Amino acid sequence: MIYKIGFSRIVVSALALIVLSGVTIQSAFTQHPKNAKAIELRTELEKSFSRIQRLIKTNCSECHDGDEPEGDIDLSTGKGIDAILKDRKHWELALQAVRSESMPPQKKHDFSKSDRKFVVQWLEKLFYEYDCLARPSAGTVTLRRLNRFEYRNSIRELTGVDYQPAKDFPGDDTGSGFDNLADTLSLPTILLEKYLKAAEEITERAIVDPRSLTLQQTLSAAKFKPCRGSRPVNQNMFLSMSGTITHQVRIPQNGKYQLKVNAVAVHAGPDGVSAEILIDGKPIKKWTIPRRTENSTVDVSVRLPKGTREIGLSFTNDYYNPRAKRSERDRNLIFEPLEISGPERLNSKALPPGHRKIIFQDPAKQKNKRAVAEKILRRFASRAFRRPATQQEIDRLLSLFDMAIKKEKSFELAIRIPLQAILVSPHFLFKVEAPAPKNGKPRRLSQYELATSISFFIWSSTPDTDLLTQAFQSNLDDPKIVRQQIDRLLKDRRSSALVEHFARQWLQLDLFSESQPDPKLFPKFDDKIRSDMLEETRRTIEHVIQNDRSILELLTADYTFLNERLASFYSIDGVKGKKFRKVSLRGTGRGGIMTQGSILTMTSNPNRTSPVKRGVWVMNVIGQEPPPPDPNVMALDDQTELKGTLRERLEQHRRDQRCAICHDRIDPLGFSFENFDAVGRWRTESEGKKVDASAKMPDGSKINGAIDLQKFLATTQQKQFVEAFVEKMLTYATGRTMTEKDRCVIVDIAEKLKKHNYRFSELIKLICESDPFQKRQRFK
């Protein structure tokens with residue numbers, strides 16, 4: 001009840017914070033820039049605006065003007081430059097189309113290269129130079145809850161407990177392809193209940209009562225497993241003939257234990273009564289009760305390993321003479337209750353790692369237990385809240401400890417209660433940041449907020465002691481130290497979160513887990529191959545990150561990682577064994593992540609390849625969004641009048657102008673992968689004909705196969721791919737969807753990255769140095 005009351009108060013605070021954080025004031029367009037450079041650019045743009053109007057009217061207005069513009073993209077220019085900026089999203093799509101030479105259609109318009117270059121340069125100057133200066137913005141992020149992945153990682157970092165039930169938490173909603181966006185991470189009631197239950201289970205697993213690691217027990221001999229000739233007498237066991245009675249005992253930890261037992265002899269014959277104590281069937285003590293003695297108490301010290309042990313008590317020298325007088329006729333033995341205690345010394349290594357980490361002072365050796373509790377709670381709360389806990393917060397936690405210690409018999413059980421309160425605090429469950437100034441000026445993140453943002457970006461977990469120490473010393477104001485810390489975090493094994501979390505969602509690999517190739521058509525594809533394909537992709541991306549390679553290598557890599565099973569599935573020779581290793585792809589027709597089985601399978605139908613799905617996937621990777629299909633056009637598989645191979649049917653499908661709008665851009669990308677079947681295996685024939693993997697790109701470039709496409713994307717489409725990758729990474733890093741205002745930063749990062757050969761570590765550093773990452777702004 002103690003902590004449940006505290007929890008309800010915390011929940012109210014959390015809900016209040018969530019409600020307040022959801023109030024976002026929309027930005028207003030600034031038409032009159034005060035920046036001198038912005039004014040100069042505005043004048044320059046206005047001078048050449050008439051040419052823009054003429055070119056747009058001549059080449060675009062026929063389809064993209066009026067009440068029902070094609071694709072809902074209205075490119076009318078009559079309202080001037082400000083109207084273009086206000087509808088920036090659609091105009092940027094137009095810029096992409098003009099830049100890639102997919103628009104305007106070459107067959108219908110005489111649009112010269114100089115005209116195209118002028119339009120591209122004018123729009124780029126408007127969006128990425130003028131608008132950045134006229135309307136600078138750092139962006140705003142609502143209060144963000146930790147997602148399941150971050151929660152589990154943070155709990156492991158704080159307590160040493162890998163809390164698997166986090167998988168049973170309600171699914172995290174996604175936005176812009178990621179599940180760590182503030183606007184989509186709601187807090188349903190069922191999740192609050194699970195957080196409370198989780199806090200109880202985690203603290204019980206992390207903090208143990210030392211008494212549970214010691215043994216102080218009296219075992220009734222009557223409850224031992226009997227043997228032939230034995231019978232219980234009250235708490236004792238009477239043995240009328242030689243035999244062993246046994247009992248199972250749980251030994252809590254390795255160490256020395258004391259065993260004490262009293263035996264009562266019933267003498268007969270010339271010798272004394274002999275007995276033994278056994279552990280797991282092996283004698284550890286033998287003794288004989290002399291003729292003149294009836295009672296014999298034995299104390300023995302023995303080292304026992306942790307686990308369940310079998311203790312045995314044996315009567316070893318039975319004697320019976322029917323001719324002897326009654327008092328000397330039958331030798332027997334009575335075992336009284338056995339006492340076991342230990343270990344003599346409590347080994348701290350027997351405590352869970354989380355226990356030793358959290359309770360870093362032994363309360364048994366301290367007189368002032370409350371002072372010990374304060375030190376423990378201050379350190380734990382400061383780590384959990386990712387900034388120094390305030391005295392007011394510590395006092396509240398200590399009040400919980402004070403109430404708990406009155407009820408509990410041990411310090412360890414009592415300290416669990418305030419620890420549970422910490423784990424359900426909004427300061428742990430959310431990335432809490434100070435509000436931006438009301439005057440609209442951007443606020444730079446505090447040292448602790450920056451440390452938190454960097455850690456959750458790279459590790460998807462709470463910052464470690466080193467990073468928090470740098471924040472405490474105000475060292476994160478120094479860009480050199482920030483870069484050093486980023487290098488350190490990237491070298492750490494925890495940076496694998498970028499593979500497991502960012503890359504998985506960027507590549508949409510969850511779709512691969514859902515793919516179900518037809519087992520009749522592809523009998524060799526099974527769960528082991530599926531697992532191998534995921535591992536191939538994971539290792540490739542991990543190699544790029546850990547070796548600080550160019551992000552372009554994700555497209556162009558002439559290597560991959562295979563084991564014998566997957567290599568055999570791909571028909572690649574020379575790979576032996578179960579372990580994955582780096583393998584050259586030269587001469588195989590493969591290269592980069594796009595020709596890996598995981599990607600090729602998830603972009604196929606269960607029974608055949610899908611050039612459309614593959615083409616759309618490539619467009620997403622290079623930041624191009626295909627327009628939605630015309631709802632009045634039948635799907636390809638429903639058009640039974642179309643004949644021939646899949647490629648031939650698609651070409652017939654494109655003859656309808658309504659279909660060509662999309663498919664002229666999508667299909668050439670997808671056709672490039674036709675040498676790979678629906679599960680990623682190489683093929684030269686399909687539907688009884690030789691595979692045709694040739695394609696003509698919208699800009700007129702001719703390619704043939706995946707390797708040519710790879711080169712095309714890494715050269716001709718390099719700018720688009722890099723900017724798209726930067727946008728995805730920046731979205732993931734900031735926990736919010738990018739807006740048109742962020743395009744300036746995206747373009748700037750991409751240009752700076754080029755100077756560093758697109759190295760992965762440089763991308764991470766440039767993102768961490770950017771305004772959207774380091775600043776927060778409230779729009780007026």
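**View 1. Helix 14 and helix 15 cross at roughly 155 degrees, with axes that come within 8 Å.** Helix 14 covers residues 447–458 and helix 15 covers residues 465–472; helices (H or I, at least four residues) and strands (E, at least two) are DSSP runs, numbered from the N terminus. Axes are lines fitted to C-alpha atoms, for helices over the stretch in contact, and angles run from 0 to 180 degrees between N-to-C directions. Helix 14 and helix 15 are therefore roughly antiparallel (over 145 degrees; under 35 is roughly parallel, 65 to 115 roughly perpendicular, and the rest oblique). On the helix 14 side, Q447, Y448, A451 and S455 meet L467, L468, Q470, A471 and F472 of helix 15, where contact means heavy atoms within 4.5 Å. That contact splits into six nonpolar, three polar and no charged residues (Ala, Val, Leu, Ile, Met, Phe, Trp, Tyr, Cys and Pro are nonpolar, Asp, Glu, Lys and Arg are charged, and the others, Gly among them, are polar).

A note on the model: it's a predicted one, so local features need pLDDT of at least 70, side-chain atom pairs count only at pLDDT 80 or more, and totals for chains, interfaces and linings use all residues. Residues are numbered from 1 along each chain as its sequence is written, and side-chain values use heavy atoms, with hydrogens and water left out.

**View 2. S460 sits in the loop between helix 14 and helix 15.** Its phi is near 55 degrees, a positive value in a residue other than glycine.

**View 3. Helix 10 and helix 12 cross at roughly 30 degrees.** The axes of helix 10 (residues 369–385) and helix 12 (residues 411–423) come within 10 Å. The two are therefore roughly parallel, and their crossing is right-handed. Helix 10 brings K369, V372, A373, I376, L377, F380, A381, A384 and F385 to the contact, while helix 12 brings F411, I415, P418, L419, I422 and L423. Sorted by class, that's 14 nonpolar, no polar and one charged residues.

**View 4. Helix 5 packs on helix 6 at about 140 degrees.** From helix 5 come R88, W91, E92, L95, A97, V98 and R99; from helix 6, R116, V119, V120, L123, E124, F127, Y128 and D131. The contact counts nine nonpolar, no polar and six charged residues.

**View 5. A cis peptide bond joins G342 and P343.** Omega is about -5 degrees. P343 belongs to the loop between strand 12 (330–342) and helix 9 (353–358).

**View 6. The largest cavity holds about 110 Å³ of space.** A cavity is a set of points, on a 1 Å grid over the protein atoms alone, where a 1.4 Å probe fits but cannot get out. Grid points are joined across faces, edges and corners, and the volume is the space filled by probe spheres set on the points. The count comes to seven cavities of 30 Å³ or more. Lining the largest cavity (an atom within 4 Å of a point) are S100, S102, I622, Q624, R665, L669, M697, P698, D699, F712 and Q717. That lining divides into five nonpolar, four polar and two charged residues.

How values were computed. Left-handed = near helix turned anticlockwise from the far one by under 90°. 1 Å grid on protein atoms, 1.4 Å probe; cavity = no way out; pocket = protein on both sides within 12 Å on 5 of 7 lines; lining within 4 Å.
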